[in-house]
Amino acid sequence: MTDTNEINLPGYEIPPELTGQIAVTTLDRIYNFGRRSSLWPMMFGLACCAIEMIAAQAARYDMARFGMEVMRPSPRQADVMIVAGTVTKKMVPAIVRLYNQMAEPKYVVAMGACASGGGPFKEGYNVVAGIDKFLPVDVYIPGCPPTPQALTAGMIKLQERIDKQSISQVRWYQKGADSVEIPVPFLGPDLIDPRRIPEIKSAAARLAQPATAEEKA
C-alpha cells in the first residue's frame with residue numbers, strides 16, 4: 001500500500017519523510033478499509049434497473065474505481081445483493097433463498113422505486129411493495145430507473161456505513177452468533193410469509209368464531 005491516508009486516524013500527523021510508509025490507525029479502521037474496498041455484488045438483475053447496473057460497471061462509469069466491480073454469479077462468493085428491478089411475488093422466494101446462501105457480512109441495496117416500494121406497479125396483484133418486506137435493506141436508491149451515477153453514489157453510501165462498524169459490535173463476530181436465515185416465502189393463492197403464519201391463524205380463528213349478540217347488533 002503506497003497511500004495510507006485512508007486508514008490514518010485524523011489528528012495524528014505523520015512526518016513528511018515517513019508519509020506513505022507508516023500509519024497510525026486502529027484494527028477497526030483496517031478491517032473496514034479492507035471490506036469497503038472489496039465489495040462483491042451478486043450478478044443478477046430483475047428488470048430495467050439491471051440495465052443501468054450493467055452500464056455502471058462498464059467503461060464509461062467504471063465502478064472498479066471504488067473497489068466494487070467484482071460481480072459474482074454465485075451467492076457463496078458475494079457480499080452485496082443489489083435488488084435491481086421490480087420484485088414480483090413469484091421471484092421473492094428465489095431472492096430470499098439467494099440471500100440466505102450469502103456469507104456474513106452481507107448487505108442489501110434496493111435499487112430503484114420498484115425494489116424500494118413497488119414503484120409504478122405497486123398496485124399490481126403480482127408485485128411486492130418493496131423488498132424490505134422480506135429482507136433487511138441497508139441502502140435505498142431512488143429513481144425509475146436510477147442512473148449509473150446514482151447507483152455509484154448509493155454504493156459509496158454503503159461504504160460509508162461500513163466505515164462506521166466495529167468488530168466488537170457487529171453481530172457476525174459475536175461469540176456463538178449464527179447467520180440469520182430469513183424464512184423463505186411460498187406461493188399459495190397469494191404470497192405467504194412464514195413469519196406471519198401465527199398472525200394469520202389467529203385472525204382466521206377469530207373469524208371462525210360465531211358472532212356474539214353485541215356484534216350482531
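**View 1. Helix 3 and the elements that cover its buried residues.** Strand 1 (80-84), strand 2 (107-111) and strand 5 (191-192) are among the elements covering the buried residues of helix 3. Helices (H or I, at least four residues) and strands (E, at least two) are DSSP runs, numbered from the N terminus, and contact means heavy atoms within 4.5 Å. The model is predicted: local features need pLDDT of at least 70, side-chain atom pairs count only at pLDDT 80 or more, and totals for chains, interfaces and linings use all residues. Residues are numbered from 1 along each chain as its sequence is written, and side-chain values use heavy atoms, with hydrogens and water left out. Within helix 3 (residues 92-101), the buried residues are Val 92, Pro 93, Ile 95, Val 96, Tyr 99 and Asn 100. Viewed down the helix axis, these buried residues lie within an arc of 165 degrees, so they line one face of helix 3; the arc is taken over the directions from the helix axis to the C-beta atoms. Buried denotes under 20% relative accessible area, exposed over 50%, and partly exposed in between (1.4 Å probe, protein chains only).

**View 2. Surroundings of Pro 183.** Pro 183 belongs to the loop between helix 5 (148-163) and strand 4 (186-187). With 30% relative accessibility, Pro 183 is classed as partly exposed. Leaving aside residues up to four places away in sequence, Pro 183 touches Val 96, Pro 194 and Arg 195. Asp 193 is 10 residues from Pro 183 in sequence, with a C-alpha to C-alpha separation of 7.5 Å.

**View 3. The largest pocket.** The largest pocket has a volume of about 250 Å³. A pocket is an open set of points on a 1 Å grid over the protein atoms alone, where a 1.4 Å probe fits, with protein on both sides within 12 Å along at least five of seven lines; lining residues have an atom within 4 Å of a point. Grid points are joined across faces, edges and corners, and a volume is the space filled by probe spheres set on the points. The lining includes Lys 89, Phe 134, Asp 190 and Ile 200.

**View 4. Cysteines without a disulfide.** The count of disulfides (cysteine sulfur pairs within 2.5 Å) is zero. The sulfur of Cys 49 lies 5.2 Å from its closest cysteine sulfur, in Cys 48, which is too far for a bond. Cys 114 is likewise in no disulfide, the nearest cysteine sulfur, that of Cys 144, being 5.5 Å away. Cys 49 is buried at 5% relative accessible area, and Cys 114 is buried at 9% relative accessibility.
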